[in-house]
Amino acid sequence: MTSELGGPRCDRGAGDAAGHPAPRENDPLRRFAGIWCRAVHPLAATTMTPDEFEGYLLPLAHRLSAALRSSPFDTEAAYEVGAALVDAQCTEPDALPAILGVIDAHLVSCSSPEAPFSQPSDEPLADDEARARCVRLQHALAAGFVRELRERERDEQEAISRAALVARTEAEKALHASEAKFQAVFEGAVIGVGIAGLDGEVLVVNDAMARMFGGMDFFRPGRNVTEFVHPDDVPGAHELYRELVNGERDHFRIEKPHYRDDGSELWTNLTVTLLRDSSGAPQYQLALAEDITEHRQLRERLRYEATHDELTGLPNRTLFLERLDQVLAADADAEPFGVCYLDLDGFKAVNDSLGHAVGDRMLEAVAERLRRCVKAPTELLARVGGDEFLALVTGPAAQADGAGLARRMLAALAEPVRIEGRELRVRASIGVVDGRAGEIGRAEVLRSADITMYRAKAAGGNRYEIADADSNARVIARHSLTNGLPSALEKGEFFIEYQPLVRLTDGTVRGAEALVRWLHPLHGVLGPDQFIPLAEDTGLIVPLGRWVLEQAARQAREWRDAAEDDESLRVNVNLSPCQLSHPTLVSDTVAVLENAGLCPSALCLEVTENDLIGADETALRPLRQLADLGVDIALDDFGTGYSNLSYLRRLPVSQLKLDRSFTRGMQRAPADPVDVKIVEGIVSLAHTLDLAVTVEGVETAVQAEHLRGLGCDTAQGWYYARPGPPERLHTLALADAS
């Protein structure tokens, strides 16, 4: 027996006369090979002695060690090692887990750069990187193992087919010519061979067939093949058999399970061939069977590992999606179903603060509690991500059952989890989706569940929400707008409208606030409230804000050039929190002013009160630098935050923009006396601090007159004009807003 990796089985390289490898003092890979041998040899069907097997494993260990530390990292050697282990007859069902277990436990430690015989040039690997590589090598080894095993099975099946052909030919010759010759072939076959009549009665079987089924007693006189029905027979097996005995087909081949008399299960590769007489009429049926029970068990073990979560033992995403696809494809009168998408609230903080080991134990405890909530055969629970779980409910009452399951899961998680003496509270957000098979696809189900789960989180978490088509549509539309933002700036889809700022003492226009709009190709004109938050989330607010500043500064210069008096108009531009913290805010603003030829005093930057609450000196420094250059800084939406007037003294602001909520009570006579007193006090204090006061949202002449009487400096609102193009800046409506 030879191996591409290990060489001849008895060729160990330098060694003693008996063929044992030459000992190397303190060789960790030889110790690894010894541990490997002791774990795997008792489970393997190899004919090698333990010493020979250890010698066979040693070069494989070196290959894995070299692959672990290779640069660039390559798993090809692990594929070859997996194939070599199949060549060594390590094909028993329990052999592969033992092989992988030793690699997982010992390969990294036995392959460290400090280990003897490591190459001096090896660079040390971080523990996490070494463990990740070790896991990938295990996956590659298992893949190579399974691939080689499948190739071996295919070769064996081809041998069976050839044997079947030989047996069929020889059997027909024997039946037609010589019973003696047929008997020799029949008894000498290494696979199970049996002959039955067309009525199904078993006439004769060879010793190999009898051994598979536990002895010749299984085939007692009168036994009929129709008795070998098994619940797991492949669909259509009975129809194949009927066609054969009726002469409609010459043979068929299936994987078939059988029950032995002791109740144990036997799996066979079964080929049944129709034997005809010299005239071509059907006469007998010939069965050839190979015992594939062990291979079947190995495949089932690998299938289980591929479809279940290693940490919790729950089904994983693969199995969940298979089951969901089956439900969605069902034709049974559009069967109702429900999906619960559960995500733990704040689980990242557990991992970050207490470590992943505690996080894993918490996940195990959560999984066990959730498993107890899923009891019905129509329910399936799976772990599909780090702290994400999906549950599937089917049946006539799936909608109610889905919500009921969500409630049970939240109740099951209400009790704290105790880990290492700590009580950890578990909170979860759940999105529940229901529907009917054939009416909705897998992607839409999962997307809706995800959107609904995040809606539960946004509502405070530790709750469940039911999917709502309108809410889903809003989220999808928001996502569509987010994706369209970058190209919108490039395509020039944004434009600016200006709302006049009117001096209350004489009613003249002294400036304007620049308000950006998006002319969307599908949705029409969108206001800033519909896309500015998206721009802030994506970081596009910085280039968009610079573009607005450039356009507004250029427009202010045009107004100044066209002005007939000496007093230039001022333009107000809003700053977002992202722009405030951007390192190029000051330099960008200076560059814009210089390029436009605009005096800094003609620009006012508006910052909301909430953005400056609690700001330290570092955060305020850019605003101070701009104020020192002569740029006005306005505190926008004043009164919507803590309304703490004492902090105004340390802010580099020159104007307050009073929120409209303080002046609504003045829109009609008589004015609300409380609102009047509040505004009067704010104006008095602002003027004491040398701050100008602008009022937003002025909608009536009565309101404007009250504000003028209270000493407010400027105002803006629909009473004067709605936002519009720059050429209409001086066209004031002076009409109450309807």
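This is a predicted model: local features need pLDDT of at least 70, side-chain atom pairs count only at pLDDT 80 or more; totals for chains, interfaces and linings use all residues.
I looked up the lining of the largest pocket by residue class, and I got 14 nonpolar, nine polar and 10 charged.

I count residues from 1 along each chain as its sequence is written, and side-chain values use heavy atoms, with hydrogens and water left out.

Next I checked the volume of the largest pocket, about 790 Å³. Its lining has 33 residues, and Glu513, Leu515, Pro528, Asn574 and Asp636 are the closest to the centre. (A pocket is an open set of points on a 1 Å grid over the protein atoms alone, where a 1.4 Å probe fits, with protein on both sides within 12 Å along at least five of seven lines; lining residues have an atom within 4 Å of a point. Points are joined across faces, edges and corners, and a volume is the space filled by probe spheres set on them.)

I then asked which helix gives the most to this lining, and found α16, with five residues. (Helices are DSSP runs of H or I, at least four residues, numbered from the N terminus.)

Last, I turned to the second largest pocket, with about 600 Å³ of space. Of its 16 lining residues, Leu100, Gln138, His139, Glu305 and Glu310 are the closest to the centre. I see α5 (127-176) supplying the largest share, five residues.

How values were computed
Helices (H or I, at least four residues) and strands (E, at least two) are DSSP runs, numbered from the N terminus. Ala, Val, Leu, Ile, Met, Phe, Trp, Tyr, Cys and Pro count as nonpolar, Asp, Glu, Lys and Arg as charged, and the others, Gly among them, as polar.
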